[in-house]
Amino acid sequence: MSAIPAPTWHERAHQSMGAAQAAHQNAMNQADSSAQAHDDTVNATHDMYKDVVGVMDQKASNTKTLVETLQNRAWCLDGSLQQTRESLLQLQTAMRAKDGPMQLCLWRLGERTKRCNKREQVRDDAEIALEEERATLLQTQMDLANSIEQTKDMIRQLAARMTDVREDLRHKTHSLGVDELSLANAQSSYATTASRTPPRKGPLASLGKSAGVRRMPDRFGLVEGDSNEQMRMQRTMQLEKHAADHDEAARILCEQNTRLMDRCHYAVLDAKAHSDTCLGERINETQHMKMRLQDQIYETDSKISHINGIMAETNFHMNNLQEPTSMHSKAASVRADRTNRESFLDPVTAHLAANSDGVMQAHANLSMEHQKEREQLQSLHDHRRQLEEDLHGKALAISIDQRCLKMRVSDVVGTQHMGGVGPPLPPGAGPDYYRINGPPLPNHGDPLPGRGGHTIRSDQGGDPLAYGRGGASARANSSFSQRDYNMAGSMPPFHGTAGRTMVPFQAGAPTANNFRLSGSTPRNGTPRGLSATGNSVLRQQSYHH
């Protein structure tokens, strides 16, 4: 017989069924919980993908914006560098262009020191104008030299900013590539995940950010990451602003350089024109004075001729006194034979004595006048000699000033080349090469601004001041210093000095009483009244007593 009573059997069955139903309920609850967890996981995964993809897309967008900004700034800096190098080349060309006018000015000052005597060595308006022209040229060279140094410094700063921008652009470009690749991978993974487990729909389908991010935002450095991204963008924008400031400063400097070159150019032209005007006025003034000297010499010669006539007449009268003197002597000799009774002081003897004394007094007076006439004649000769010397000095001064006025920069440059100063002449060129073809262009081989492409050659060592166009080497980085101009330097005279003026009253020269100017037409550069050799063309004619 069974030992378990019937009620116990029913209780056990009910207990087992109740436990099974409870297990069923627990299983259903677990299934619902797992299903909810599955939905939460799928939705959280989708939210995570959306969050990561959104952040990556934002990061890539920010980096792309920075790359575009840096590329535009690099392009602007490159244009500013090219423009600044062109401005530097123009400044250096303008600096070298002042050498020719400076040589001409110094040559003129040196030539004017060759005026014959101290009487002509005056600090006239032409001398003052030439000194002012020299000061203007020196000032323009100093201003251009200062601008050259400022432009070189600006080129160095622009090159440094260009290096910084390109370095940051390299990093940003690489970061953009990495971000875009990460974004593409994330989008591909998101698409694969979405195809396998599409997002769940329901009241809890959209949970926003992942639970970990929602619960502990600081655990994963979200706040620090946002702060670092802001600092990254701010650093790039500061670099761009700093480069933009240099770009604007370079543009302003180039405009200032252009205005400076124009101002220096017109200042040199005005100074040269003023010097030419003063030289022309000085030539006219000296020519007028020369004509007055010639008139004075002509008048002095007429006075010399008149004094010579007076002296001849005085000699004539002195010679005529010999006859009365001889008559007195003969009368006295004859009357000495009178007898003692008749030998007394009679009226004849008294008159003869009086007449003899008068003749002797007249002869003494004429001798004194003749001596005075000789002194006056010597004084006229001395004054004429001084006038002749002054005339020669005026003629030489006119010749020098006319040569200075006609001299051009190309002539002075050609003269310097003949003396071995400056760049050598081209092969086979004669000494008149630069006078005919003009002065050489500065820095032969340098490219002209605005031609060819801007390149920095590798053999230039990355020097920001090196300037290359079309593969041609440039010398924009050559150093310039203030030259020491010396008027007594190696500047040989371009023309020979005038000859000596003939002095007609030297020892052995006949006395002149008639002068006239040469009828021949003087050659260019020869003062009026002088021959081609510089000798006086006042011709002498012998005086016939």
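Let me start with a definition: I will call a residue buried when its relative accessible area is under 20%, exposed when it is over 50%, and partly exposed in between, using a 1.4 Å probe and protein chains only. This is a predicted model, in which local features need pLDDT of at least 70 and side-chain atom pairs count only at pLDDT 80 or more, while totals for chains, interfaces and linings use all residues. Residues are numbered from 1 along each chain as its sequence is written, and side-chain values use heavy atoms, with hydrogens and water left out.

Confidence comes next. The score I will quote, pLDDT, is the predictor's confidence in each residue, from 0 to 100. Its mean over the chain is 75, and 70% of the residues reach 70 or more. When I name helices (H or I, at least four residues) and strands (E, at least two), I mean DSSP runs, numbered from the N terminus. Among these elements, helix H5, residues 222-320, has the highest mean pLDDT, at 92, whereas strand S2, residues 468-469, has the lowest, at 36. Over residues 438-545 the pLDDT is below 50, although in the model this stretch has 217 contacts beyond near neighbours in sequence, a contact meaning heavy atoms within 4.5 Å. Where pLDDT is low, the predicted coordinates should not be read in detail.

Now to the chain as a whole. Its secondary structure comes to nine helices and two strands, and, read along the sequence, the pattern is α-α-α-α-α-α-α-α-α-β-β. Of the 545 residues in the chain, buried ones make up 34%. If we take the contacts with a separation of 6 or more, 84% of them are between residues 24 or more positions apart.

Which helix would I point to as an enclosed one? Helix H2, residues 99-112, is largely enclosed by the rest of the structure, because 14 of its 14 residues are buried. From its first C-alpha to its last, H2 reaches 20 Å, which is close to the 20 Å expected at 1.5 Å a residue; the expected span is 1.5 Å times one less than the number of residues.

Let me turn to two individual residues. Val-268 lies in helix H5 and is buried, with a relative accessible area of 9%. Leaving aside residues up to four places away in sequence, Val-268 touches Lys-98, Pro-101, Thr-136, Leu-137 and Thr-140. Val-268 and Leu-137 are 131 residues apart in sequence, yet 6.5 Å apart in space, C-alpha to C-alpha.

The second residue is Arg-161, which lies in helix H3 and is buried as well, at a relative accessible area of 15%. With residues up to four places away again left out, Arg-161 touches Leu-77, His-242, Ala-243 and His-246. Between Arg-161 and Ala-244 there are 9.5 Å in space, C-alpha to C-alpha, and 83 residues in sequence.

That leaves the salt bridges, each of which is a side-chain nitrogen of Lys or Arg within 4 Å of a carboxyl oxygen of Asp or Glu. How many are there by this rule? The count comes to 28 salt bridges.

One of them joins the side chains of Asp-168 and Lys-172, at 2.5 Å from N to O. These two residues are four apart in helix H3, residues 125-196, and so are separated by about one helical turn. Asp-168 is buried at 14%, and Lys-172 is buried at 9%.

Another is found in helix H7, residues 347-406, where Lys-394 and Asp-390 lie four residues apart, about one turn of the helix. Their closest N and O atoms are 2.6 Å apart. Lys-394 has a relative accessibility of 10% and counts as buried, and Asp-390 is buried too, at 11%.
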